Amino acid sequence: CREKHGRGGCEALKMLDTFASVGVRYFDLTHTNIDQEKRGFRAKQSLEQIRRSMPFLLDSAPRRQNNVIVRPHRPPAALLVQLDDLRADERDEHNPLKRLALVSFLILATSPGNFQAWVAVENPEDATDADFARRLRKGAGADPTASGATRVAGSANFKRKYEPDFPIVAIEAAHPGRIITRGALEALGLVAKPERVNLTMRRNPQHGRAGKWPSYQYCLDHAPAAHGEDRPDVSKADFTWCMTAIDWGFSVEATAARLLEESEKARENGSQYAMNTATNAAAAVQRRHHATIEPV
């Protein structure tokens, strides 16, 4: 493989095949430049298509300083959960990354000391999937707004903060075909306890807001800058917009559907991202509402 595709190409193909081993058959492909601006997008590439094109994409990426990013589509018989921004601390025996190594089918080193784990959870799709994924991210101490898209192993992580020594995304561990049960994850203490959240209506819309959605552009314009970058953090804009919509009385399901219309990132990352964002926003609204009514 290395003689034909080089080390980076082999890493990339191994990563794609590891996703395929848990049932993934399609990927969305995105290119971004060093400033994280989108430079290309291909939807629903089959495993065969993306395997054929990947060595060529990796070969041209350094010249253009392009990030090569894929988002695996959900397989039919498993829930994929991306656990991002995990730190390795060998001194901490309770570090979730050590327990995740027992249940993840793929762990990537995305930058020095920073890791990303992927877990395939056994079960057909049902209404509790988004909440379970949220609780797993929370219990593992992972980024709650992870989009489900990842840089390809064997490619460089082009960000301004890393130049001129851009780290190469690498496979830390791969366990093809590993699909785990929810019970096993709970037994390892990786799943946060359920929160009581009303997923339909927060409260009746007030102040003339009935039927009116909040301004997405306002949320985007007032979002904080992405870490180390001169651009708004779109994930936080999406989250803030969802919180506002739910606080105004819209359901989680309606909010997720509308987010797909408003947010380019949501359209690229799919309905699971939209539902995760809306569900997390609903939990935040619920916590904030409880905090305002607690006696002092």
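The model is predicted, so local features need pLDDT of at least 70 and side-chain atom pairs count only at pLDDT 80 or more, while totals for chains, interfaces and linings use all residues. Residues are numbered from 1 along each chain as its sequence is written, and side-chain values use heavy atoms, leaving out hydrogens and water.

Arg 51 forms a salt bridge with Asp 17, with the closest N and O atoms 2.9 Å apart. Arg 51 lies in helix 2 and Asp 17 in helix 1 (residues 2-21), so the pair ties together parts that are 34 residues apart in sequence. Helices (H or I, at least four residues) and strands (E, at least two) are DSSP runs, numbered from the N terminus. Arg 51 is partly exposed, at 30% relative accessible area. Asp 17 is also partly exposed, at 33%. Here buried means under 20% relative accessible area, exposed over 50%, and partly exposed in between (1.4 Å probe, protein chains only).

Arg 39 forms a salt bridge with Glu 37, at 3.1 Å between the closest N and O atoms. Arg 39 is exposed, at 53%. Glu 37 is partly exposed, at 38%. Another salt bridge joins Glu 262 and Arg 258 (3.1 Å, N to O). Both residues lie in helix 8 (residues 252-262), 4 residues apart, about one turn of the helix. Salt bridges that share partners also join Asp 35, Arg 160 and Glu 163 into one network.

An open sheet of 4 strands has the order 2-1-3-7, with antiparallel pairing. Two strands pair if DSSP finds at least two bridges between them. Strand 2 (38-46) and strand 7 (150-151) stand at the edges with a single partner strand each, so one side of each is left without a neighbour in the sheet. Strand 1 (residues 26-32) pairs with strand 3 (residues 67-72) over 6 bridges. Leu 29 stands opposite Val 70 in strand 3.

Helix 7 (residues 234-247) has 14 residues. Its buried residues include Trp 241, Cys 242, Met 243 and Ile 246. At the start of helix 7, a side-chain oxygen of Asp 233 reaches to within 3.1 Å of the backbone nitrogen of Ser 235. Just after helix 7, Gly 249 takes a positive phi of about 115°.

How values were computed
The expected span of a helix is 1.5 Å times one less than its number of residues. A polar contact is a pair of N or O atoms within 3.5 Å; within protein, one must be able to donate a hydrogen and the other to accept it, and residues adjacent in sequence count only if both atoms are side-chain atoms. A salt bridge is a side-chain nitrogen of Lys or Arg within 4 Å of a carboxyl oxygen of Asp or Glu.
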